[in-house]
Amino acid sequence: MFELIKLLETVFRTISSDLEAWFARMPEGAAWNAFSDYCIGD
């Protein structure tokens, strides 16, 4: 169980830092849209 928790913490930190870097390139106050092709049960 602790291995799973450690993995989830690592994944969260990685995704969080990637998103921060991606949004840092956007001008402050810029309009944007988010689209996803994720489907529940797919």
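## Burial and surface

Of the 42 residues in this protein, 0% are buried, where buried means under 20% relative accessible area, exposed over 50% and partly exposed in between, using a 1.4 Å probe and protein chains only. The protein exposes about 4,500 Å², with carbon and sulfur atoms supplying 63% of it; such areas come from the Shrake-Rupley method with a 1.4 Å probe, and for residues only the protein chains shown count as cover.

This is a predicted model, in which local features need pLDDT of at least 70 and side-chain atom pairs count only at pLDDT 80 or more, while totals for chains, interfaces and linings use all residues. Residues are numbered from 1 along each chain as its sequence is written, and side-chain values use heavy atoms, leaving out hydrogens and water.

## Overall layout

You will find one helix and zero strands here; helices (H or I, at least four residues) and strands (E, at least two) are DSSP runs numbered from the N terminus. Along the principal axes, the C-alpha atoms fill a box of roughly 40 × 25 × 10 Å.

Helix H1 covers residues 2-24 and includes Glu9. Glu9 is partly exposed, at 42% relative accessibility. From Glu9 to Tyr38 there are 29 residues in sequence and 22 Å in space, C-alpha to C-alpha.

## Aromatic rings

Now for the rings: the structure has two aromatic pairs. Trp22 and Phe23 make an edge-to-face pair, at 4.9 Å centre to centre with 80° between the planes. Rings of Phe, Tyr and Trp (its six-membered ring) pair if their centres lie within 6.5 Å, and planes under 30 degrees apart count as stacked, over 60 as edge-to-face and the rest as tilted.

Ring pairs join Trp22, Phe23 and Trp32 into a cluster. Trp22 is partly exposed at 36% relative accessible area, and Phe23 is also partly exposed, at 34%.
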